[in-house]
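Here is a short briefing for a first look. Please keep the sequence and the 3D view side by side.

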Amino acid sequence: MEEIRIDMRKLTPEQIAEGKRQNEILFRINHTLQDTEEYNGLVKELFAAVGEGSRVLTPMTIVHGDKVRIGRNAIVMPGSLMMASGTITIEDDVEVAANVQLISNNHDYYDRQILICKPVVLKRNCWIGAGATILAGVTVGENAVVGAGSVVTKDVERNTVVAGNPARVVRVLEDRP
């Protein structure tokens with residue numbers, strides 16, 4: 001898995017301006033009536049991609065919305081936090097419950113101004129329970145379930161239920177007929 005390192009002291013004026021622009025869009029999203037033409041337009045402006053039938057509900061906190069891709073028929077419930085410096089991909093038919101944190105970056109242990117970034121990927125039809133945290137470099141497999149309040153530090157295999165801190169396998173699901 002590719003790791004990207006970002007030195008926050010070396011951001012270009014263009015990167016700083018883009019961050020401010022995205023913060024303004026996010027503020028407007030969080031203060032606009034949901035499911036309106038204006039709201040949907042702002043959501044599509046903030047994120048790199050939002051598939052047909054997907055919904056992202058407020059309030060939300062997003063850093064680098066331009067590095068978040070959301071597939072079709074996905075839902076992200078209120079209270080989400082997405083730290084997307086390392087990219088976040090939410091595939092088709094994913095359900096993300098309230099107050100979930102998707103964190104694709106962390107600070108270097110020795111130099112806190114360096115961000116260490118790795119992708120977070122939520123594969124098709126997975127379900128992330130309320131208050132769960134998915135950390136940098138983690139892929140949650142197809143049809144997997146992450147229990148409420150879990151902290152996911154390692155990849156989750158497809159058709160698996162994980163729970164706890166750190167999250168551990170609690171059940172394996174059979175394929176649907």
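Is R112 buried or exposed? R112 is exposed, with a relative accessible area of 51%; exposed means over 50%, buried under 20%, and partly exposed in between, for a 1.4 Å probe and protein chains only. This is a predicted model: local features need pLDDT of at least 70, side-chain atom pairs count only at pLDDT 80 or more, and totals for chains, interfaces and linings use all residues. Residues are numbered from 1 along each chain as its sequence is written, and side-chain values use heavy atoms, without hydrogens and water.

**R112**
- R112 sits in the loop between β11 (105-107) and β12 (114-117); strands are DSSP runs of E, at least two residues, and helices are runs of H or I, at least four, numbered from the N terminus.
- R112 and E2 are 110 residues apart in sequence and 20 Å apart in space, C-alpha to C-alpha.

**S54**
- S54 lies in the loop between β2 (49-50) and β3 (55-56).
- S54 is buried, with a relative accessible area of 15%.
- A polar atom of the S54 side chain lies 2.4 Å from the backbone oxygen of G71.
- Neighbours within four places in sequence aside, S54 is in contact (heavy atoms within 4.5 Å) with I70, G71, R72, N73 and A74.

**Helices α1 and α2**
- The axes of α1 (residues 13-30) and α2 (residues 37-46) come within 9 Å and cross at roughly 155°; axes are lines fitted to C-alpha atoms over the stretch in contact, and angles run from 0 to 180 degrees between N-to-C directions.
- The two helices, α1 and α2, are therefore roughly antiparallel, a term for angles over 145 degrees.
- R21, Q22, I25, L26, R28 and I29 in α1 meet E38, Y39, L42, V43, E45 and L46 in α2.

How values were computed. Parallel < 35°, antiparallel > 145°, perpendicular 65-115°, else oblique. Polar contact = N/O pair within 3.5 Å; in protein donor to acceptor, adjacent residues only side chain to side chain.
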